[in-house]
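Hello,

Here is the structure for your files, with notes on what was found in it.

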Amino acid sequence: MVHLTADTESAYAPVHVVRNIRTLLRLDVARSDPSAMFLHAGMVAWHGHGIAVPGDKRSGKTSTVLAAAAAGADFVSNDDLSLHHGGDGRSGHGWPRSVSVRLDTLAPLGLTLPAATSHPSNHHRTDAHLLMPHEIARMVGCRVTPRAPLRAVLFPSFTDDDAFALRRLDVSEAARRIQANLLTPPVKDSELTARFDAPSEEQLAERARNLAAEVPAFALRQSLTGLGARERLADLLDEVVAAR
């Protein structure tokens, strides 16, 4: 049993409830699914093909996810993604949470904030807004889907010129990059984490190597000012999902 002691009158109470439920579910999945990997990554579904987009802060992960959604992809996740290997192959699953969108990226993306947003912290944030998945969908005109079959992994980064550059990664580099973006443990709650058995670093490293050997991975270099080039991005996403 979990007892939440937060002030029920606080505007943040629903946020804390959802966060704790998500934490418990993620820990349970990490314990029970021998294939699970949790990444700091987003995901879009391009014509039904899931593309995982791992990346640290300022790598262009969120911008790439939003640009792909604006170009016609379905939104699956932005920060928290879990990958699984089951009877129907590999898949990526999003975890419901808010998306931090830097306001200075909206103009290059050709987007504007929704008229009203629900996260209470938006009342005092001036550099970014936290948007819920349904608000992302309203902003970019996309659909939200909870999962997608994994087809490729795409690592974005920003460059100073306006050219897109897509490079296929070899297995060793892909495995190294995947492992660098693993969330270990999958949540930031040490007290709860201690109550669950988690896979070892060696087990996670093996899962990363197996993923890299089976799923094509790419590095995407793009400019901040070129994020609105949706037709060019669509062509690159076609190339990514067509790779074997």
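Buried means under 20% relative accessible area, exposed over 50% and partly exposed in between, with a 1.4 Å probe and protein chains only. Helices (H or I, at least four residues) and strands (E, at least two) are DSSP runs numbered from the N terminus.

The model is predicted: local features need pLDDT of at least 70, side-chain atom pairs count only at pLDDT 80 or more, and totals for chains, interfaces and linings use all residues. Residues are numbered from 1 along each chain as its sequence is written, and side-chain values use heavy atoms, with hydrogens and water left out.

Helix H4 (residues 133-140) is mostly covered, with 6 of its 8 residues buried. These are Pro133, Glu135, Ile136, Ala137, Met139 and Val140. They pack against H2, strand S3 (74-77), S6, helix H3 (106-109) and S7, where contact means heavy atoms within 4.5 Å. Gly141 follows H4 and has a positive phi, near 75°.

Gln222 is in strand S10 (residues 217-222). Gln222 is buried, at a relative accessible area of 2%. Leaving aside neighbours within four places in sequence, its contacts include Gly60, Thr64, Phe158 and Leu227. The side chains of Gln222 and Thr64 make a polar contact (2.6 Å); that term is a pair of N or O atoms within 3.5 Å where, within protein, one must be able to donate a hydrogen and the other to accept it, and residues adjacent in sequence count only if both atoms are side-chain atoms. Gln222 and Val44 are 178 residues apart in sequence and 18 Å apart in space, C-alpha to C-alpha.

Regards
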